[in-house]
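Please look at the sequence and the 3D structure below. This short report then walks through the DNA surfaces, the sheets and the helix contacts.

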Number of protein chains: 2
Amino acid sequence: MKEGPDISLLAALIGDPARSNMLMALMSGKALTAGELAREAGVTIQTASSHLGKLEGAGLLFKRHEGRHRYFSIADEDVAGVLESLTGLAAKRGHLRTRTGPKDPELRKARVCYNHLAGELGVQMYDSLIANHHIVLKDNTPLLTASGKKLVGEFGVDLEMLAKLRRPLCKSCLDWSARRSHLAGALGTALLNQFFELGWAARLDNSRVVAFSTDGEQKFRQMFI
Amino acid sequence: MKEGPDISLLAALIGDPARSNMLMALMSGKALTAGELAREAGVTIQTASSHLGKLEGAGLLFKRHEGRHRYFSIADEDVAGVLESLTGLAAKRGHLRTRTGPKDPELRKARVCYNHLAGELGVQMYDSLIANHHIVLKDNTPLLTASGKKLVGEFGVDLEMLAKLRRPLCKSCLDWSARRSHLAGALGTALLNQFFELGWAARLDNSRVVAFSTDGEQKFRQMFI
DNA sequence: CCAACACTTCGACCTTCATCGAACTGTCTG
DNA sequence: CAGACAGTTCGATGAAGGTCGAAGTGTTGG
């Protein structure tokens, strides 16, 4: 008995409603200030500061100073993965928030997961990249093939710059709504940014929803058929 | 704000040390009685009963009456997956138990994860099945090919019987020690049972460790080269 | 039918911790 | 330098919930 790591510390941290609200807000991928997170969680800024200190101390959040603001963000993709898998189980068990917002369908269609595209369109992109052999799976890690490099390069993604980052280029991430994988990692982020740059999609304020324009969605579906 | 399912209820349940100890004990895949779980968690049986009621109510555990005993087990593989992913993050963040047992190396090599084989040997089996095209990944779900069916059939797994179960035949499960996938699902369970049947391996008492015999490990490595 | 056993329920206790007011540190603006 | 602003620290408060003793329910075995 008493084998392996202790999960109760981490789970207890996530288990407080105020903290889980903050974490879910940060799953939008944006870095938020302590004040914004306090409003998001519905607590005063003193309380939020205490929570954020604990989350940072446990290595779940990353803090960045900028003038008189402190920006918090999810520490890494491992943390995001745990949160997404917990979300999946909660959804399946029907532990929904008391008031499910009107944005739910949009959320299932396309949303930001930490810093990449999730939802039905995210899954479709991932499936398409694999079906067309732009990405192959090796040891469950997605790898970009020559044809894949050509595709994203022509799409405007600077692969040389991405290679300089320490982040893995490709990762897969499990989707809570579709229960399927989608593309994470530096390439997932770069592709999402490119969709924004080209005006195919835009973020809705204060939400994880990624709203595709009619034209943008058409082009997206054409590219990832 | 306030989008998606509420993860704080589930996380708070897992976050109590007594409950997480019980859950980790049940990750051995064995069904345990309330009394055994109380000892495992280091609390009285009254306290354990209260915890187990909550875990069952949330759908994390499954309860089975048998005479004057109540056997508890992990509800399904989704729950096991969340626990395993939390374990992985805790291990990476160094949130280890105060006393790491002497069994740690054995645990990394081969252990039971809910009801299938995990650890280095579990990952090796999974990689081998994929490398030899006995299993192919489709939409991130492993599928048994014709050659795979032949292999496991000759090994003594009754595929027709497995097909009758409602459980998915193949699933992948992320490993906390190796951080790679291994095989779960009905086939994962059947293969592990066959290793026990053939005497290749045996379970250590009160532990998740799967101890392979010298001969058994040799045959295992030969089969999944 | 009674005693032993496994477990659940109830109630009381008590620790833990989230919460917020107040005071303090550091930063930007005029 | 003063005032506004963002955030942290400290301390008091109070609610939530883990804990266990005692009593109750259901089961087994003699």
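The residues of the surface near DNA strand C divide into five nonpolar, twelve polar and four charged. Here Ala, Val, Leu, Ile, Met, Phe, Trp, Tyr, Cys and Pro count as nonpolar, Asp, Glu, Lys and Arg as charged, and the others, Gly among them, as polar. This is a predicted model, in which local features need pLDDT of at least 70 and side-chain atom pairs count only at pLDDT 80 or more, while totals for chains, interfaces and linings use all residues. Residues are numbered from 1 along each chain as its sequence is written, and chains are lettered from A and ligands numbered from 1 in the order in which they are written.

Start with DNA strand C. A residue counts as near a molecule or strand if its C-beta atom, placed from the backbone, lies within 6 Å of it. Two or more residues each come from helix 4 of chain A and from helix 3 (34-41), helix 4 and strand 3 of chain B. Helices (H or I, at least four residues) and strands (E, at least two) are DSSP runs, numbered from the N terminus. Helix 4 of chain B gives the most to this surface, with six residues.

Now turn to DNA strand D. Which residues come nearest to DNA strand D? Of the 21 around it, they are Thr33(A), Gly35(A), Gln46(A), Ser49(A) and Gly67(B). The elements that give two or more residues to the surface near DNA strand D are helix 3 (34-41), helix 4 (45-57) and strand 3 (69-74) of chain A, along with helix 4 (45-57) of chain B. Helix 4 of chain A supplies the largest share, six residues. By class, the surface near DNA strand D has five nonpolar, twelve polar and four charged residues.

## The sheets

In chain A, three strands form an open sheet in the order 1-3-2, with antiparallel pairing. Strand 1 (32-33) and strand 2 of chain A are the edge strands, and each pairs on one side only. Two strands pair if DSSP finds at least two bridges between them. Two bridges join strand 1 of chain A to strand 3 of chain A. Thr33(A) has Tyr71(A) in strand 3 of chain A as its bridge partner.

Strand 2 and strand 3 of chain A form a hairpin with two residues between them. Gly67(A), in the turn, has a positive phi of about 60 degrees.

Strand 1 of chain B pairs with strand 3 (residues 69-74) of chain B over two bridges. Leu32(B) has Phe72(B) as its bridge partner there.

## The helix contacts

Axes are lines fitted to C-alpha atoms, for helices over the stretch in contact, and angles run from 0 to 180 degrees between N-to-C directions. Two residues are in contact if their C-beta atoms, placed from the backbone, lie within 7 Å.

| Helix pair | Angle | Axes apart |
|---|---|---|
| Helix 5 (residues 77-92) of chain A and helix 5 (residues 77-92) of chain B | about 160 degrees | 10 Å |
| Helix 1 (residues 8-15) of chain A and helix 1 (residues 8-15) of chain B | about 145 degrees | 7 Å |
| Helix 2 (residues 17-26) of chain A and helix 3 of chain A | about 120 degrees | 8 Å |

The angle makes helix 5 of chain A roughly antiparallel to helix 5 of chain B. Angles under 35 degrees count as roughly parallel, over 145 as roughly antiparallel, 65 to 115 as roughly perpendicular and the rest as oblique. The residues of this helix 5 contact divide into eight nonpolar, four polar and four charged.

In the helix 1 pair, Ser8(A), Ala11(A), Ala12(A), Ile14(A) and Gly15(A) meet Ser8(B), Ala11(B), Ala12(B), Ile14(B) and Gly15(B). That contact has six nonpolar, four polar and no charged residues.

Helix 2 and helix 3 of chain A are oblique to each other. Ala18(A), Asn21(A), Met22(A) and Ala25(A) in helix 2 of chain A meet Leu37(A), Glu40(A) and Ala41(A) in helix 3 of chain A. By class, this contact has five nonpolar, one polar and one charged residues.
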